[in-house]
Amino acid sequence: MFVVELGKPATLACIDREMTGAVTVNWRKMKIADPKRQKKLLHLASEKNEFSRSPSMDSMQLADPNFQESGVFSLVFIPKIGDEGLYFCLFKQQEKKEREKVILLAILTATIFPAAPPPKDSIVHLVASVSPNFIGRITWTGPSGTPLRSEVKGKETLTKVPRFNAEDGGTYVCVFHPKDNSSRATFSFDVAVEVDAAAEASYTNVTQGHQISTASIAGVPFSLSCPPIQGDYVQVYWQNMDKKQEIKQLYQYDRWRDSQEQKKGPVLKRAGPPYNAQTGSFSFLMKPLVEDGGLYICMVYFNNKRYSQSTKLSVLKGIPSPKSTSLHLCCYYSAWSQVQQVGWTYQNRHHALQRFSPRIGLAIANISLPISANTAGNYTCTLRLKNGQEIWAVYTITLPTKGGRQSFRPAL
């Protein structure tokens, strides 16, 4: 087997140093898919220096015109699409000896998109295919020799380098592995890629999903949604709206490099099934703190397009705060701008509950001490968003024990 890159000079080796003198060489070709197994004449050279070839094969030449002296019958040409197949090198020595060598020629095509040199921050595609495609597989390695994630799309093997910059430049290697496992031979092809530092990729096409407005209890797992498309990499941005901070990048994951970057702020974890970040299906899990409320934007990049999904998240947390003569049940909440109402209620609706809000983001229920039968029980802090969604935190306060100990805990 011999694999050559499309458009690059190829030499089909056929050498026998013992076959010299009055020798005739005959090169023929057979298409692999030819049901009639017909061999087409490519090139014929006789011991009388008589030459003939197929008109369509004018570019084919013998590597050594003095083949009768050297025993080198190799064929040289620049292959094009359709030249793949079985090649037969038949040579005779004055009708006494006849030998034949069979070579399977496969043609590999490697392309780059965007065309080299790509602009910085672009998603570079490295695509390779081999014909016939059933004879083996293709892999890619980076300039440092690191194997790159590859995916087979139809007859092509694809790898991508998202956010391509100067440090990503170098020689990428396309490696063809023959299907026959008994053979250790591989064929390598270099693809040089350097960034165009004067140009920058444009992602003007942004598809935005409908903004989500929701709320969660602090410490309870929350699922942060991303656009429902298969992407190349994902970025999550966050803004603390209550403090009017600037929006900042919080997280980034590149599925082709399998690399992630988590910055200071709310902690995100890639979600599992039915999502799979390694195949480009993104969603995130978090256990938010009250201060983690705000605006989240999940941005998924695919080729030269961006897909955006924004979520406004309010986080609610109830905390008991004992005072000298009373118990304060404090209900903290965030992302105030989307909150319609927050307040405490007691299971005994007929009992007057003292409530107050010293500042936005905090609602307090004041309960006199000691706890009596009229004040023990369940207290509920309810948060209602402007879209009508409600969440609540329930706290249970029990009567003092004989030792005077007081219990107040979240209700299960």
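This is a predicted model: local features need pLDDT of at least 70, side-chain atom pairs count only at pLDDT 80 or more; totals for chains, interfaces and linings use all residues.
Reader: How many salt bridges does the structure hold?
Author: Side chains of opposite charge can pair when their charged atoms come close. Some of the pairs here join up, and Arg-149, Glu-151, Lys-153 and Arg-255 are linked in a network of salt bridges. For the structure, the number of salt bridges is 13.

Reader: Which residue forms a salt bridge with Glu-100?
Author: Glu-100 is also placed in strand E9, and its partner is in the loop between E3 and strand E4 (40–45), 61 residues apart. Glu-100 is partly exposed, with a relative accessible area of 44%. The closest N and O atoms of the pair are 3.9 Å apart, and the partner is Lys-39.

Reader: Moving on to disulfides, how many are there in the whole structure?
Author: A disulfide is a covalent bond between the sulfur atoms of two cysteines. With the bonded cysteines numbered in sequence order, the pairing is 1-2, 3-4, 5-6. A search of the whole structure gives the number of disulfides as 3.

Reader: Is the disulfide of Cys-14 and Cys-89 left-handed or right-handed?
Author: The sulfur atoms of Cys-14 and Cys-89 are 2.1 Å apart. Cys-14 lies in the loop between E2 and E3 and Cys-89 in strand E8 (residues 85–93), 75 residues apart. The torsion about their S-S bond is about -85 degrees, so this disulfide is left-handed.

Reader: Which cysteine forms a disulfide with Cys-226?
Author: The two sulfur atoms are 2.0 Å apart. Cys-226 sits in the loop between strand E20 (222–224) and strand E21 (233–239), and its partner is in strand E26 (residues 294–302), 72 residues apart. With 95 degrees about the S-S bond, this link is right-handed. The partner of Cys-226 is Cys-298.

Reader: And how far apart are the sulfur atoms in the disulfide of Cys-331 and Cys-381?
Author: Cys-331 lies in strand E28 (residues 326–333) and Cys-381 in strand E32 (residues 377–385), so the bond ties together parts that are 50 residues apart in sequence. Both Cys-331 and Cys-381 are buried. Their S to S distance is 1.9 Å.

Reader: One last topic, a sheet: what is the order of the open sheet of 3 strands?
Author: The edge strands are strand E12 (136–141) and strand E16 (187–193), each pairing on one side only. Strand E15 (residues 170–178) pairs with E16 over 7 bridges in the antiparallel sense, and Val-175 stands opposite Ser-188 in E16. The strand order is E12-E15-E16.

Technical notes
Residues are numbered from 1 along each chain as its sequence is written. Side-chain values use heavy atoms; hydrogens and water are left out. A salt bridge is a side-chain nitrogen of Lys or Arg within 4 Å of a carboxyl oxygen of Asp or Glu. Helices (H or I, at least four residues) and strands (E, at least two) are DSSP runs, numbered from the N terminus. Buried means under 20% relative accessible area, exposed over 50%, partly exposed in between (1.4 Å probe, protein chains only). Two strands pair if DSSP finds at least two bridges between them. A disulfide is a pair of cysteine sulfur atoms within 2.5 Å.
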